[in-house]
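Me: I'm new to this one. Can you walk me through the aromatic rings and the surface?
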Amino acid sequence: MKEQLYILVMLFLYRLLWGYFMYGFVRDAIVPILLRYPNEEAGGSGMGRLLYYIEGQFSLSGDPAVQRWLWMLLALCALRMLLSAFIRAGLLHELHQESKGERGLFFFPGMKLYGLPILVFSLIEWLLALLPLYWLGPVIYKLLMSSFLDYKLLWEICPYLLGWLCYIFIMRLCLLYMQFGFTGGTGMLSSLLLCLRYFFTATAISVVLGTGGLFVLLLCGLTGLFCPGLTALLVRQLAPLPSTLFKMWGLAAQYHLWHDKTSLK
């Protein structure tokens, strides 16, 4: 990680600025809608929540302001996908060069060299992630509609969401190893087979380092709950640094597992 210190600093600043921008988006677009939600503690009823949903349906199809926010959200998602793909391309190239014993700033040349191919991988990843919603969507939608009158029905959505998240985790891990093979020149199929062969080891790496990122998120939430004010603000502003560190560490750990097992062949 020492060789990627400059990347860590850049990604920390990137995530800090992105978080500030998203905060403004949520404040202007989402908060006013949530404030109008007929909560039970504020005297709302099941019928009021149903009318709230019907009004939302009409706004999605006929309100220009809502449609403008939706288009902006879509543009932000596309921009984030583009930036994330090029950042990963730079990181992969940096790791490949470091494993060869090279020293230098390979991050930006890697973005130029592998940015577009990794973007294609990202598009495939999104398509595969959304594919199960073709079958899960109607079931979850029906349960959500019923939950307006009975909150307990929301628990029935959890098994579907858990299965979907597990599928996304496995699919992303396989695609990550295929990206290792593509950028390293060893072949995507052999890298995919290697991922399946050492799946439990790769999963353990993701779980251990993912726990670190989850701890940072939990710390932010607890600080905001029990120590509101300047302390919570400082923790929230500094949180992207350890979070980014754990993500880079996780990517490097998966890469070195792939590299070590590939070298043994």
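Me: Which helix do Tyr-14 and Trp-18 lie in, and how many residues apart?
Reply: Both lie in helix α1, residues 5-35. They are 4 residues apart, about one turn of the helix. Helices here are DSSP runs of H or I, at least four residues, numbered from the N terminus. This is a predicted model: local features need pLDDT of at least 70, side-chain atom pairs 80 or more, while totals for chains, interfaces and linings use all residues. Residues are numbered from 1 along each chain, and side-chain values use heavy atoms, without hydrogens and water.

Me: How many aromatic pairs are there?
Reply: The structure holds 11. Rings of Phe, Tyr and Trp (its six-membered ring) pair if their centres lie within 6.5 Å; planes under 30 degrees apart are stacked, over 60 edge-to-face, the rest tilted. Tyr-14 and Trp-18 are tilted, at 6.4 Å and 40 degrees.

Me: And Phe-199 with Phe-200, what kind of pair?
Reply: Edge-to-face, with centres 5.7 Å apart and 75 degrees between the planes.

Me: Is Phe-199 buried or exposed?
Reply: Buried, because its relative accessible area is 18% and the cut-off is under 20%, with exposed over 50% and partly exposed in between (1.4 Å probe, protein chains only). Phe-200 is exposed, at 72%.

Me: New topic. Which residues make the nonpolar surface patch?
Reply: Val-120, Ile-124, Leu-128, Leu-131, Tyr-134 and Trp-135, over about 630 Å². Patch residues have over 30% relative accessible area and no salt bridge, with nonpolar side chains joined within 5 Å. A salt bridge puts a Lys or Arg side-chain nitrogen within 4 Å of an Asp or Glu carboxyl oxygen.

Me: Which helix gives the largest share?
Reply: α4, with 3 residues.

Methods. Patch = residues over 30% accessible without salt bridge, like charges linked within 9 Å, V, L, I, M, F, W, Y side chains within 5 Å. Areas by Shrake-Rupley, 256 points an atom, 1.4 Å probe, with all protein chains shown as cover. Helix = DSSP H or I, 4+ residues; strand = E, 2+ residues; numbered from the N terminus.
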